[in-house]
Amino acid sequence: MITQNFNLLDAYWLTDSRQVLSPEQSRSAVFFAMQGEHHDGHAFVGELYQKGVRQFVVERAALTPARRTEFAQYTDAQFTEVDSSLRLLQELAGSYRQHFSLPVIGITGSNGKTIVKEWLSQLLAGDYVIAKSPKSYNSQLGVPLSVHQLNSSHTLGLFEAGISRPHEMQALETIIHPSLGIFTNIGTAHDEGFRSRRQKVAEKLRLFTHTETLIYCKDYPDIDEEINLLLKAVNPAVRLIHWSKHEGAVYKASVQQDQLTLLAEHGTWRLKLPFTDPASVENLIHCVVTLLTLGFIDEAALQNRLNRLRPVSMRLEVKEGINGCVVIDDSYNNDIVGLQLALGFLDQQLTRNRKVVILSDVLQSGQREDELYESVAALQQANQISEFVGIGPVIGRNAHFFPSGSRFYAGTDEFLASYPFDQLRDSAVLVKGARPFSFERIVNRLQRKVHGTVLEINLDALTHNLNYYREKAGRGEGGQPTKLMVMVKAFAYGSGSAEVAQLLQFHRVDYLAVAYADEGVSLRQNGIDLPIMVMNPAPETFQTLLDYQLEPEIYSLRLLQEWGRFVAGSKGYGAWGKELDAPAIRPHAPRPMHLKIDTGMHRLGFVEDELPSVVAYLQQHPALRVASVFSHLVGADEAQFNAFSRQQYDAFMRSMAGLEAGLGYRPTRHLLNSAGIVRFPEFKLDMVRLGIGLYGVESSQLERSMVRPVGTLRTAISQIKAVKTGESVGYSRRGVLDHDARIATIAIGYADGFDRRLGNGVGQVWINGTLCPTVGNVCMDMTMIDVTAAQASEGDDVIIFGNEIPISELARTIGTIPYEILTGVSERVKRVFYKEGN
Ligand SMILES: *Cc1c(COP(=O)(O)O)cnc(C)c1O
């Protein structure tokens, strides 16, 4: 193994087969195939080989005889067999790290890791050439990839480490090997993998086994005590630099409004803080103490640095742009790895054919200018960017690396003044620039103005929920991962079908399901090529189903016969797009369909008695193929129906036995919805159907804290006025005031999905930390709110639901279910999609 490591160290490390590579990157790449719960990288070795990759690290357990035969064909490729590709990657990163003797700051803690890292990098930008983790790349996989960016020009490393299970930190310690550590804080949340908070602290502390200096806040007793008990035992020489709001620490920190005073034996510093919310203050103190520790002790100079700090927007946002464009706003991070991540995301914007990149000078890469821009240009080419725009003096003098037709501007002002915006149409535009270029002005110019109300969809929360349910669904009888069908009916439960489906396609779910053919067509037109089941296929839409390769749910004998007749008379499949050359579209391939069995819902579906006729019909019509058979539980979320759920399962299995015997093959079987996945893992069969859980509502209520809210419905205050006791507010004089009140009118009404039943004090909205009740009747486009108790001004943000007000709570106040709240947000409300980062 060690002899092999030698050439692997400097190779281009590739772990995601979806990443787009330049030819040069392909040649120098080594692909680490990993076999995960949901995903098997070995399946993509062939694809990468075709793209020119020749070095592969593969896992023994994944090498079935078929795989070995496949890989043996790639005679000029080199395969390294290991037990764990991730382990090898980590070992390599550890060896790689040993070649560098620069100071490295390692950051861990429950919150604030990324902010502290980003702020330190802003604060120290002039003094060091910094290598840092892109975004919150702090995992078992992210850390080795981050550290592998180090090169000889760097003079400081800034890396964060996050863990979710015991025994994970050891590996990260070897890779980061920090000389200076920062432990930001410890959250109250009790993480899944840990017995206690103390255990979590102890595990995180392993990052500092060899650090010379550790900075932390003494006001977290768990951290302080574990450091003294545990860390001191393994690293007795560690220098502890703590701060506290109380006496007894190296620095005593007192904060009054925006004034920070740090008091120590060796001096006193008074600084004005640029941000004053409690989380920012804590992060800022960590940063200032770090600067003091590094020797930056001049008060005025420190203040200057602080004044230049910018908030760290963790989000990569997708916004609706002018002229039918989508704008991907990623003005937060502009190193090469960050650029690669953003280009990958741009690539998923299947709805637009043209891809435009607007990029500023890449600051502080630590790379030689010509090398840097040559690789930036290669990335553009590999990602098939239609138009490239470079802004800044340095990128401009490297214009020769970029294809002709690229545009260059000296600065943001020049770009805004002379770029032909009206020619920019129907494109996906990535806007990515270093802070000093203030690219938010470009985003502002490109963004279609959104008035009032938006539904924000957190794509990272969606991914989190997807992974959570995937993990729950686990593996089935044969050891194969249980398949996942995701319900994207009703505009993906109100969240926006195309965008959600793109994310699901990226994460390679097995199936999508919609209610109507039209919904399926719209997904196809947005570049979705996953199999799609249509649950309510009217015979008038049969041709559409064939044309767009949509698979009907067949629920009655009448429908089965109509479908059978139609298929027999049709000439074959159409293709919905020229680009689509899927081998599945063969004229005589059997047409997949799905059989729905009624086991107790008494909605759509075959009853047991009808199945012999179904079998007989299918035996005579071999052009029809049953892709799957399914049923639906009526009360999967409620314990009182457990017995009935079991009865439904038994009925389903009886029906299956008859069908299988008659058909001579076993179609995919599925029964469970979101709540069922949590409550009846023993019924998961071959596939599960995920719905509301993906969108952030855990309807069984057993594992509520495990899913994350996805949508935030927000609007703004249009006007505030003082209204006296006894006066009334709104239609029909329903809102009579019993106190002198400040009344705010907000820009959302029942036509947007703000239910009329929420009026007259039944519902509340969240404004700057205060819950404020409605007053009077909800109007069509507006609602009045009593903001007497809140700090509220015109233009302020108003949250209808989200983290602050859970959807299920809102549903309960008006006696409905979360499904209705989600799907009730009308289509005129703009959807804004974002990725958060930390
Ligand atoms: C909508 C739907 C689901 C998803 O249900 P959730 O409760 O949202 O998880 C599953 N199966 C069928 C047949 C459905 O119509």
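# Reading a predicted model, feature by feature

Reader: Is Glu203 buried or exposed?

Author: Start with the cut-off: buried means under 20% relative accessible area. Glu203 has 5% relative accessibility, so it counts as buried. Keep in mind that this is a predicted model.

Reader: Where does Glu203 sit?

Author: Look in helix α9, residues 197–205.

Reader: Which backbone nitrogen does the side chain of Glu203 reach at 3.0 Å?

Author: One is the backbone nitrogen of His167. The backbone nitrogen of Glu168 also lies 3.0 Å from a polar atom of the Glu203 side chain.

Reader: Next, strands. How do I read the two faces of β8?

Author: Take the residues on each side and check their burial. Strand β8 spans residues 180–183. Leu180 and Ile182 are on one side. Gly181 and Phe183 are on the other. All four are buried, so both faces are covered.

Reader: Which strands pair with β8, and in which sense, parallel or antiparallel?

Author: Find the bridges, then the direction. Strand β5, residues 104–108, pairs with β8 in the parallel sense over four bridges.

Reader: What about β29 and β20, parallel or antiparallel?

Author: Antiparallel. Four bridges join β20, residues 454–458, to β29, residues 711–723. Start at Val454: its bridge partner in β29 is Arg714.

Reader: What is the bridge partner of Arg714 in β36?

Author: Ile799. Strand β36 covers residues 797–801, and its antiparallel pairing with β29 has four bridges.

Reader: How many bridges join β29 to β32?

Author: Six, and the two strands run antiparallel. Strand β32 covers residues 741–746. Follow Lys721 across and you reach Ile743, its bridge partner in β32.

Reader: Which residues does the UniProt annotation "domain: Alanine racemase C-terminal" cover?

Author: The unreviewed entry gives residues 710–834. This span is 11% helix and 38% strand. Its end C-alpha atoms lie 10 Å apart.

Reader: Now the ligand. Which residues surround it?

Author: List the shell, then sort it by type. Met487, Lys489, Tyr493, Met535, Arg603 and His632 are among the residues around the ligand. The shell also includes Asn673, Ser674, Arg689, Gly691, Ile692 and Tyr819. By type, five are nonpolar, four polar and three charged.

Reader: Which side chain has an N or O atom 2.7 Å from an oxygen atom of the ligand?

Author: That is Lys489. Arg689 places a polar side-chain atom 2.8 Å from a nitrogen atom of the ligand. For His632, an N or O atom of the side chain is 3.5 Å from a ligand nitrogen. Then look at cover: the ligand has 390 Å² of accessible area on its own, and the protein covers 94% of that.

Reader: What feature does UniProt place at Lys489?

Author: The unreviewed entry places "modified residue: N6-(pyridoxal phosphate)lysine" there. Find Lys489 in helix α19, residues 489–493. Its relative accessibility is 26%, so Lys489 counts as partly exposed.

Reader: How should I read the phi of Asn323?

Author: Most residues other than glycine have a negative phi. Asn323 is not a glycine, yet its phi is positive, about 50 degrees. Asn323 lies in the loop between β14 (316–320) and β15 (326–329). At 28% relative accessibility, it counts as partly exposed.

Reader: What is the phi of Leu685, and is this residue buried or exposed?

Author: Leu685 has a positive phi of about 50 degrees, although it is not a glycine. Its loop runs between α26 (674–679) and β28 (687–690). With 11% relative accessibility, Leu685 counts as buried.

Reader: Last one. How many residues apart in sequence are Pro806 and Glu320?

Author: Compare two separations: along the chain and through space. In sequence, they are 486 residues apart. In space, they are 26 Å apart, C-alpha to C-alpha. Pro806 itself lies in the loop between β36 and α27 (807–813). It is partly exposed, with a relative accessible area of 26%.

Note on methods:
Residues numbered from 1 in each chain as written. Predicted model: local features only at pLDDT ≥ 70, side-chain atom pairs only at ≥ 80, totals over all residues. Heavy atoms only, no water. Near = heavy atom within 4 Å. Polar contact = N/O pair within 3.5 Å; in protein donor to acceptor, adjacent residues only side chain to side chain. Areas by Shrake-Rupley, 256 points an atom, 1.4 Å probe, with all protein chains shown as cover. Nonpolar A, V, L, I, M, F, W, Y, C, P; charged D, E, K, R; others polar. Pairing = 2+ DSSP bridges. UniProt positions renumbered as here; feature names shortened; annotations may be inferred. Buried < 20%, exposed > 50% of the residue type's maximum accessible area, 1.4 Å probe, protein only.
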